Amino acid sequence: MSFLAPGFLFASLAVAAAIVALHFIVTRQPRSAILPTARFVPDTRATAVARAKRPSDLLLMLLRVLAVVAAGAALAKPVLERSRAPDARVILVDLSRSARDSIAIRDSVRAIYRDGDAVVLFDSAARVIGGNVGDTLGALRPTTRRGNLSAALIAALRAGSALRDRAESFELVIVSPLAKEELDAATDSIRALWLGKAKLVRIGGSVVDTLPMTGRLEISADAGDPLQATVALARSAGAASGVVDRRDFRGVPARSVSESSSRGGETRIAWPASARPPGAVQRAVTDTVGGVMAGESVVVAAFERRWSYPADSVGGAEVIARWVDGEPAAIERPDGDACVRSVAIAVTPVGDLAIRRDFVRFVASLSGPCVATTSLMPADPSSVAKLQGIGGLTSREAFQPLSDVRSELAPWLLALALAAVIAELFVRRRRRDVLHAGNRPESHKARAA
Amino acid sequence: MPADLDDSYDQYAALLDAVRGIRWPARSTVRGGIPGAHNSRLRGISAEFTEYRPYRQGDDTRRVDWKLFARSDRAYIRLSNDRAIFPTMIVLDASASMAFPQATNAKWVLAAQLGVALGAIARHSGDPVGLAIAGEEPVLLVPRMRRSVTHELVRSVAATRPDCNAPLSPSVSIAAQYGGRLVVITDFLGDAEELLTVASRLVAAGREVHAVQVIASEEIDPPRDAAMVSDPEAPEMRRALTGDTRDSYVASYGAWRDRIAHEFTEAGVAYSTAIVGEESPDHLIRRITAPRGVAAAV
């Protein structure tokens with residue numbers, strides 16, 4: 001048996017030793033006695049020192065020590081040692097929007113999984129599955145959320161810590177298309193925490209290797225629309241392909257706009273000059289906001305904010321631009337192979353906003369490829385190599401024991417401590433009653449009788 | 001005689017036998033009255049001749065010694081000492097402080113023995129004997145000379161439990177209305193100041209007042225084990241009697257006893273101490289009843 005938090009046990013032992021010492025040297029109230037001449041005793045404090053050569057009350061002392069030690073042992077989380085397997089796996093299964101082939105995912109995981117392995121499912125978040133893993137694997141379906149390998153690796157480290165007492169060594173297996181969008185700046189650092197090599201099982205053969213980053217950027221707008229100049233500057237700067245639609249579709253549902261206008265693989269930007277953007281609703285009170293950002297493009301200017309995207313509009317859509325206070329400023333909805341972006345940013349003809357460089361970059365970023373397309377871009381080979389790592393299996397010693405692991409003995413020890421406390425209360429009360437009865441004068445006893 | 005009285009009387013039988021024959025003369029001449037065993041202030045016509053006095057007009061001619069007149073031709077009156085009875089009242093303190101130690105009530109037992117034995121001695125001298133007990137239910141037996149007085153004393157003492165907190169001085173004042181000699185048996189842990197005032201007034205009025213202070217040896221030398229002690233007459237008073245406070249207690253209590261003895265003696269009270277277990281009761285009786293300036297004959 002080992003303790004996950006032995007400090008509590010040591011602390012409880014120290015307290016128990018103090019209790020034992022107090023039972024020997026505690027200053028306690030001496031026995032009560034009748035003395036008619038008590039008035040001649042100096043009026044000092046009501047308690048007096050009486051050192052005992054033996055424990056003042058052995059049963060009470062034992063109950064108190066038992067309560068303290070049992071509580072300390074429970075908090076120390078004792079766990080029973082188990083026999084360990086030679087090795088085990090921590091399998092990261094990608095269920096993000098990048099992993100579109102659910103059959104390939106299931107087959108890959110089933111081929112790898114053995115009893116005793118830990119399976120971590122992840123998209124934008126990661127979770128370790130428990131219970132009947134076979135049934136869970138059979139129901140695996142990719143989600144529409146962006147994958148996050150950093151979160152998955154953190155979950156893998158926790159799973160490794162949870163399994164450290166069940167196997168001698170561990171292997172990390174990542175079942176994923178390893179899209180570029182799933183890696184972030186922290187992925188390499190987190191991956192380095194897992195000592196040893198990872199086995200990469202790459203699934204989903206439809207990953208697009210390259211995407212055209214420059215192309216046709218068109219705008220359909222009135223002659224006096226200031227965004228014409230912006231689009232022209234963005235086009236000359238090499239923006240991605242897309243169509244900026246500035247027409248006002250008053251009374252026409254946004255869906256019909258996209259249906260009539262989208263073409264395969266094309267990004268259509270519905271950015272009405274004055275009308276309601278698709279999916280947006282008019283704000284109760286028009287306000288101003290100091291900036292907007294999309295990706296790495298930030299524009300600091302006073303924007304009049306007339307539209308907002310309610311929660312039901314954002315659901316199922318991708319927010320591609322936000323106001324500086326966090327509210328969505330532009331969203332993207334998939335439309336077949338293409339996508340339609342709704343932009344609720346008012347462009348004022350007054351001032352130089354339309355020709356400012358940061359605003360041109362902002363418009364160019366809005367004309368980038370659809371999210372569904374970028375999710376298929378593979379990670380760089382160098383990133384994949386770092387993810388794979390070097391070395392062999394990871395020893396169990398590399399994982400820290402989890403502090404929040406469940407101890408099966410802890411509830412019983414807590415119950416024992418509680419029972420000891422209750423017993424101590426009863427014993428103490430009984431002793432007190434006996435003591436009072438012993439000190440009661442005979443005449444009082446007779447009256448009581 | 002009821003059975004319970006027999007049991008109570010048996011407790012005093014040995015002591016009453018031991019004190020049989022002890023005389024308890026008055027410490028000074030008593031007022032005249034019914035002829036008794038004590039010297040009276042009056043000179044009378046008893047057979048015990050004392051002196052002659054020349055006849056004065058108004059003297060009873062029957063008291064003229066006619067034989068002396070025939071020899072000397074002078075008229076003399078034959079004088080002799082009168083003897084009178086001396087009513088005695090025993091006053092017992094039945095406060096809760098007398099029920100100590102709790103296991104034996106030794107202070108109360110000794111006080112009761114002294115009261116009964118002194119009453120019996122007074123009755124053997126032909127004096128009326130009465131009893132006053134300052135208890136929760138005060139007891140007052142007016143002085144009587146009949147033979148059953150001792151039994152009445154025993155019965156009254158046996159029926160009393162020392163568990164009250166009543167002052168003693170009112171009982172002494174009431175008892176003083178009946179007796180020329182007052183014997184107050186107490187531990188003085190109640191109203192000692194008032195008692196001293198009453199006793200001083202009685203002594204000034206020519207009464208003979210005896211004060212017997214009953215003390216338990218545990219009060220003089222309490223156990224050395226630390227204890228929270230409380231006064232039975234004031235339970236809220238709780239003091240820690242430890243090694244540090246014990247010496248101070250012993251000194252304070254000793255000084256207080258000395259002061260009580262000094263003040264009562266100065267007031268003309270015949271003061272005695274009766275320490276439980278230190279002397280036998282009959283020895284205490286002999287010491288208390290000894291005439292002034294005479295050591296008790298053991």
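In the predicted model, 24 residues of chain A are in contact with 28 residues of chain B, two residues being in contact if their C-beta atoms, placed from the backbone, lie within 7 Å. On the side of chain A that touches chain B, the elements giving two or more residues are β2 (31-34) and α14 (442-448) of chain A. The largest share of this side, 4 residues, is supplied by β2(A). Helices (H or I, at least four residues) and strands (E, at least two) are DSSP runs, numbered from the N terminus. By class, the side of chain A that touches chain B comprises 13 nonpolar, 6 polar and 5 charged residues. Here Ala, Val, Leu, Ile, Met, Phe, Trp, Tyr, Cys and Pro count as nonpolar, Asp, Glu, Lys and Arg as charged, and the others, Gly among them, as polar.

Residues are numbered from 1 along each chain as its sequence is written, and chains are lettered from A and ligands numbered from 1 in the order in which they are written. As this is a predicted model, local features need pLDDT of at least 70 and side-chain atom pairs count only at pLDDT 80 or more, whereas totals for chains, interfaces and linings use all residues. The model scores ipTM 0.82 and pTM 0.46. For chain B, the average pLDDT is 86, and 90% of the residues score at least 70; pLDDT is the predictor's confidence in each residue, from 0 to 100.

Strand pairing extends across the two chains. β2(A) runs parallel to strand β8 (residues 227-231) of chain B, to which it is joined by 4 bridges; two strands pair if DSSP finds at least two bridges between them. Within this pairing, Arg31(A) has Ala227(B) of β8(B) as its bridge partner. In β8(B), 5 of the 5 residues are buried, so the strand is largely enclosed by the rest of the structure. A residue is buried if 20 or more other C-beta atoms lie within 10 Å of its own, exposed if 12 or fewer, and partly exposed in between, with C-beta atoms placed from the backbone. Both faces of β8(B) are covered, with Ala227(B), Val229(B) and Asp231(B) buried on one side and Met228(B) and Ser230(B) buried on the other. Inside chain B, β8(B) also pairs with strand β9 (residues 234-241) in the antiparallel sense over 5 bridges, and a hairpin of 2 residues joins β8(B) to β9(B). The bridge partner of Val229(B) in β9(B) is Arg239(B).

Chain B contains 9 helices and 10 strands. Of its 298 residues, 43% count as buried. Among contacts in chain B between residues at least 6 apart in sequence, 73% join residues at least 24 apart. Strand β3 (residues 88-93) of chain B is mostly covered, 6 of its 6 residues being buried. Thr88(B), Ile90(B) and Leu92(B) point one way from β3(B), while Met89(B), Val91(B) and Asp93(B) point the other way. β3(B) pairs with strand β4 (residues 129-134) of chain B in the parallel sense over 6 bridges, and Leu92(B) has Ile133(B) of β4(B) as its bridge partner. β4(B) in turn pairs with strand β5 (residues 139-144) of chain B in the antiparallel sense over 4 bridges. In this pairing, Leu131(B) stands opposite Leu141(B) of β5(B), and a hairpin joins β4(B) to β5(B) through 4 residues.

The largest nonpolar core has 77 residues, and Val91(B), Leu114(B) and Leu182(B) have the most contacts inside it. A nonpolar core is a set of buried Ala, Val, Leu, Ile, Met, Phe, Trp, Tyr and Cys residues joined through C-beta atoms within 7 Å. Helix α3 (residues 106-124) of chain B gives the most to this core, with 11 residues. Not counting residues up to four places away in sequence, Leu114(B) touches Ile185(B), Val212(B), Ala274(B), Pro281(B), Leu284(B) and Ile285(B). A second, separate core of 38 residues includes Val93(A), Leu178(A), Ile203(A) and Ala379(A).

In chain A, the buried residues of helix α7 (residues 227-236) include Leu227(A), Thr230(A), Val231(A), Ala234(A) and Arg235(A). Seen down the axis of α7(A), its buried residues fall within an arc of 135°, so they line one face of the helix; the arc is that of the directions from the helix axis to the C-beta atoms. These buried residues of α7(A) pack against β9 (217-220), β10 (242-245) and α10 (357-366) of chain A.
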